[in-house]
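Please load the model in a viewer and keep a selection panel open. The tour below goes from whole chains to single residues and says at each stop what to select.

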Amino acid sequence: MKNEIRIEMEALPENEGFARVAAAAFITPQNPTVEEVCDVKTAVSEAVTNAVIHAYEEKGGRIVIRCSLENGLLHIEIEDFGRGIEDIPKAMEPLFTTRPELERSGMGFAFMEAFMDSLDVKSEPGKGTRIIMEKKFGSTLCGE
Amino acid sequence: MEEEFRIIDHYLMIRLPEEIDHKSCQEISRKADRMLLDSEVKHVVFDFSRTMFMDSSGVGVLAGRYRKVSCFGGKVFVANANRRIRKILKLSGLMKYLEFMEQEEENEKRDQD
Ligand SMILES: Nc1ncnc2c1ncn2[C@@H]1O[C@H](COP(=O)(O)OP(=O)(O)O)[C@@H](O)[C@H]1O
Ligand SMILES: [Mg+2]
């Protein structure tokens, strides 16, 4: 059966930890490995942090997180309604950041890509950004 | 405060918190830079013994401290980083700028077995 959760939160640094713990709790019925839990937590942390810092420039705003699980496939969407991204391919390049003064490393998208099976970024300047990620669980033989 | 800062000889030792993310990083960088003003300090040691989670915010903290101390011939050391943290550091291309404490190399070998 398909399971689904939807979380709406204020874009504040203190909610970054909550978002990744919620995602980790959501996948526990899949009996994920420690590594898989870390992968999901990191990817969610990156996307939510980007909304806090880049979309809303740390002034707060609305973030919507949707997670669903069906047949071992985790689907996560993290959406903001902030400034949006002008050049998505450029933004996704490793080490690219528009906020070096905040010591951002430019590795956020690279980590989302490395730790999830798929990553899709939809964005419109002035409207917002939606990050769509998927990860398959139990693909190993001993799974399920 | 969760992380701890100590100066021993010319080393600034930073015991990092359990979770290194955007929220905890702001404080770590601010405190570290204040202590780096102390002319005695040449190197920085990041102790990950308590750390269970780190995202790309932590990469920025290490890279930023490296930029500061390397100008004066200082080094950035990493101690007690678990396998996950090392994976993050590797992915971010930071390995060549960091010195791993001796025990780390043993961990590395153990992980590969
Ligand atoms: N939700 C977002 N809204 C607006 N801009 C974004 C968003 N997410 C990412 N970006 C842009 O993409 C760049 C790269 O993001 P990322 O790879 O996470 O690196 P970093 O966060 O370290 O800058 C950011 O510097 C920013 O310009
Ligand atoms: Mg980021």
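Two terms are needed from the start: contact means heavy atoms within 4.5 Å, while helices (H or I, at least four residues) and strands (E, at least two) are DSSP runs, numbered from the N terminus. This is a predicted model, in which local features need pLDDT of at least 70, side-chain atom pairs count only at pLDDT 80 or more, and totals for chains, interfaces and linings use all residues. Residues are numbered from 1 along each chain as its sequence is written, chains are lettered from A and ligands numbered from 1 in the order in which they are written, and side-chain values use heavy atoms, with hydrogens and water left out.

**Stop 1: chain A as a whole**

Select chain A and colour it by secondary structure. Along the principal axes, the C-alpha atoms of chain A occupy a box of roughly 45 × 30 × 25 Å. The radius of gyration of chain A, taken over C-alpha atoms, is 15 Å, which agrees with the value near 15 Å for a compact globule of 144 residues; the globule rule is 2.2 Å times the number of residues to the power 0.38.

Switch to a surface. Chain A has an accessible surface of about 7200 Å², 52% of it from carbon and sulfur atoms (Shrake-Rupley method, 1.4 Å probe; for residues, only the protein chains shown count as cover). Of its 144 residues, 52% are buried, where buried means under 20% relative accessible area, exposed over 50%, and partly exposed in between (1.4 Å probe, protein chains only). Among contacts in chain A with a separation of 6 or more, 64% join residues 24 or more positions apart.

**Stop 2: helix α4 of chain A**

Select residues 108-115 of chain A, which form α4. How many of the eight residues of this helix are buried? Six are, and the helix is mostly covered. The buried residues are A:Gly108, A:Phe109, A:Ala110, A:Phe111, A:Met112 and A:Phe115.

**Stop 3: A:Ser68**

Move to strand β2 (residues 62-70) of chain A and pick A:Ser68. Its relative accessible area is 10%, so A:Ser68 counts as buried. Beyond neighbours within four places in sequence, A:Ser68 is in contact with A:Lys2, A:Asn3, A:Glu4, A:Phe26, A:Leu73, A:Leu74 and A:His75.

**Stop 4: chain B and its hairpin**

Select chain B, with four helices and seven strands in the pattern β-β-β-α-β-β-α-β-α-β-α. Then zoom in on β1 (residues 4-8) and β2 (residues 11-15) of chain B, which pair in the antiparallel sense over five bridges; strands pair if DSSP finds at least two bridges between them. B:Glu4 stands opposite B:Arg15 of β2(B). Two residues separate the strands of this hairpin, and B:Asp9 has a positive phi near 55°.

**Stop 5: B:Lys42**

Finish in the loop between α1 (22-36) and β4 (43-47) of chain B, at B:Lys42. Is B:Lys42 buried or partly exposed? B:Lys42 is partly exposed, at a relative accessible area of 38%. Leaving aside neighbours within four places in sequence, its contacts are B:His10, B:Val69, B:Phe72, B:Gly73, B:Gly74 and B:Lys75. Of these, B:Gly73 is 31 residues away in sequence and 7.6 Å away in space, C-alpha to C-alpha.
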